[in-house]
Amino acid sequence: MTFDYVIVGAGSAGCVLANRLSADPSLRVLLLEAGPEDRNPMIHIPVGYARTLKDPSVNWLFTTEPDPGSNGRVHVWPRGRVLGGSSSINGLLYVRGQPADYDGWAQLGATGWGAADVLPYFRRAEANARLGGDWHGSDGPLHVSDPTMRHPVSDAVIAAGMQAGLPFNDDVNGPVQDGISYFQLTVRNGRRWSAAMAYLRPAMRRPNLRVETGAQAEAVLFEGLRATGVRYRQGGERREARVSREVILCGGAVNSPQLLELSGIGDPQVLAAAGLPVRHALPGVGANLQDHYVVSCQFRLRPGTVTVNQMSRGWRLVAEAARYLATRRGLLTLSAAHVQAYWRSRPGLAGPDVQYHILPATVDVPRFVETQQWELERAPGLTIAPCQLRPESRGTIHVKSPDPFMAPAIRPNYLSDPLDQETIVAGMRFARVIAAQPALAPYMEGEILPGPDVADDAAILAHVREHGSTIYHPVGTCRMGAASDPLAVTDPAGRVRGIGHLRVVDASLMPRLVSGNTNAPTIMIAEKLADAILADARAARAA
């Protein structure tokens, strides 16, 4: 099989590229996905993330190595293994980050990725049901909407945040992120609007696009230092697909560096330790790993308060299911967090450095951080969960052996930088400030995690180390940068340095983690680089 482009990974970026590249009928495109089609009904019911986060049929369910910064614990890392990738199993939250994030990328050597450069691609991707103007799109493939369900406790949290000094901000994806409001969601008419629904399904009718599921890539094929195709396994058989133009890796921050290393591209010491020959030395492959580490501050609410804990049981759940079937509204459209807040932990910062995910519910935290299993408590509760937006800690992702079916070694190194420790402790303290405001007094019974006895900074940090977990935002392991940067894996167009006809397009390109959730930025990256790839194709034809 020979194609113009072979795209490895049908996650958020891969779905975007499959659509945009196949829009040119002269180009033949193959999209390979290790997982199945997105037929699981829990994918399409928004609240189904509570199931898919632990479902191995649609989820890689990676595990980290024991992490020193979090008391030697092993963390479960859900990543989508299905058409749509993580956009098919995530918490549905639409957040871009701050404009300064992207200006920072440009300053680090990712020329052309400043805030003014990326805004047109955010707008092109978006169909926002409420917001418009200079900052938002209205006719893009990705539908973005307000939650269909409000809740009195969530309303009270927003009022409490304002009493604590946060401004109300109903567009955190505009010029200023500071403030508190309900999240916007990637939901359309009560259904999850994944990248597969937004981009891939409309494109699958095209004769020049071929989509293969159950097809796990084993290695990139080469002639010298030119990529010529991909070897993959499907249905127990080893197969090859050849390219006349490019191989494009869209495996995300875990799978893309793994496939590069399996193909002999990476740090020679890492490759030698794994028993892999070196085709091309690129020491930055698998380095620069960053992730958001989140910890829950939980509060017990007064008896009689009805939160998601009670709505998810008995007759109330039956009523909500009937409401969803009739109206596509209510509890079953709930996202992983209901309210968002952005706060500056210290004076002198140019923008917020702490994000809060807030939900009128509480889960069994030890079980959740160990297994990603959502088990809601029976008593009414409220969760206010801070994470540091721009962590300084850096980790790695590297192969362990030449076996392409062995998961790589993930070492996040959470909280290894002192600033990260200080910021998350401050974030926990401000969560308590929000909870103590008069607006929440009619509901509040008391703090249950970390608990009122956990008072000084050392005790709070000890709790954070023991009870924090990933919030599913790994990035940076194939970061783009300038030619003078010895650890840059790609140039600003995603082209792998020193290798011909091989590109990376996904969250692994990010030089630094953005100030928020990563799905919308990943889609933006793919939109922007689709233009670059098509421009190269046009230039080649003209030549």
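Over the ring of which residue does the charged end of Arg-328 sit? The ring is that of Tyr-324, and the charged end of Arg-328 lies 4.9 Å from its centre. The structure is a predicted model.

**Charges over rings**

- Besides the contact of Arg-328 with Tyr-324, Arg-81 lies over the face of Trp-60, at 5.1 Å from the ring centre.

**Aromatic pairs**

- A pair of aromatic rings is described by the distance of the centres and the angle of the planes.
- Seven aromatic pairs are found when the whole structure is searched.
- Trp-60 and Phe-62 count as stacked because their ring centres are 5.5 Å apart and their planes meet at 10°, under the 30 degrees required.
- Trp-60 has a relative accessibility of 23% and therefore counts as partly exposed, whereas Phe-62, at 4%, counts as buried.
- A stacked pair is also formed by Trp-343 and Phe-430, with 4.4 Å from centre to centre and 5° between the planes.
- This pair links distant parts of the chain: Trp-343 belongs to strand β18 and Phe-430 to helix α13 (residues 418-435), 87 residues apart.
- Trp-343 is buried, its relative accessible area being 15%; Phe-430 is buried as well, with a value of 8%.
- One aromatic cluster is made up of Tyr-102, Trp-105, Trp-113 and Phe-122.

- Six of the six residues of β19 (residues 354-359) are buried, so the strand is largely enclosed by the rest of the structure.
- Both faces of β19 are covered, with Val-354, Tyr-356 and Ile-358 buried on one side and Gln-355, His-357 and Leu-359 buried on the other.
- Strand β18 (residues 339-343) pairs with β19 in the antiparallel sense over five bridges; within this pairing, Gln-340 has His-357 of β19 as its bridge partner.
- Strand β20 (residues 381-388) also runs antiparallel to β19, joined to it by six bridges, and its residue Gln-388 stands opposite Val-354.

**Nonpolar cores**

- The largest nonpolar core has 80 residues, and those with the most contacts inside it are Trp-105, Leu-260, Leu-502 and Val-505.
- Helix α15 (residues 519-542) gives the most to this core, contributing 10 residues.
- Another core, of 44 residues, lies apart from the largest one; among its members are Phe-62, Leu-289, Ile-384 and Ala-439.
- With neighbours within four places in sequence left aside, the contacts of Leu-260 are Leu-249, Ile-265, Val-285, Cys-478, Val-489, Val-496, Leu-502 and Val-504.

Technical notes. Residues numbered from 1 in each chain as written. Predicted model: local features only at pLDDT ≥ 70, side-chain atom pairs only at ≥ 80, totals over all residues. Heavy atoms only, no water. Buried < 20%, exposed > 50% of the residue type's maximum accessible area, 1.4 Å probe, protein only. Helix = DSSP H or I, 4+ residues; strand = E, 2+ residues; numbered from the N terminus. Pairing = 2+ DSSP bridges. Core = buried A, V, L, I, M, F, W, Y, C linked by side-chain atoms within 4.5 Å. Contact = heavy atoms within 4.5 Å. Phe/Tyr/Trp six-rings, centres within 6.5 Å; stacked < 30°, edge-to-face > 60°. Lys NZ or Arg CZ within 6 Å of the ring centre and 35° of its normal.
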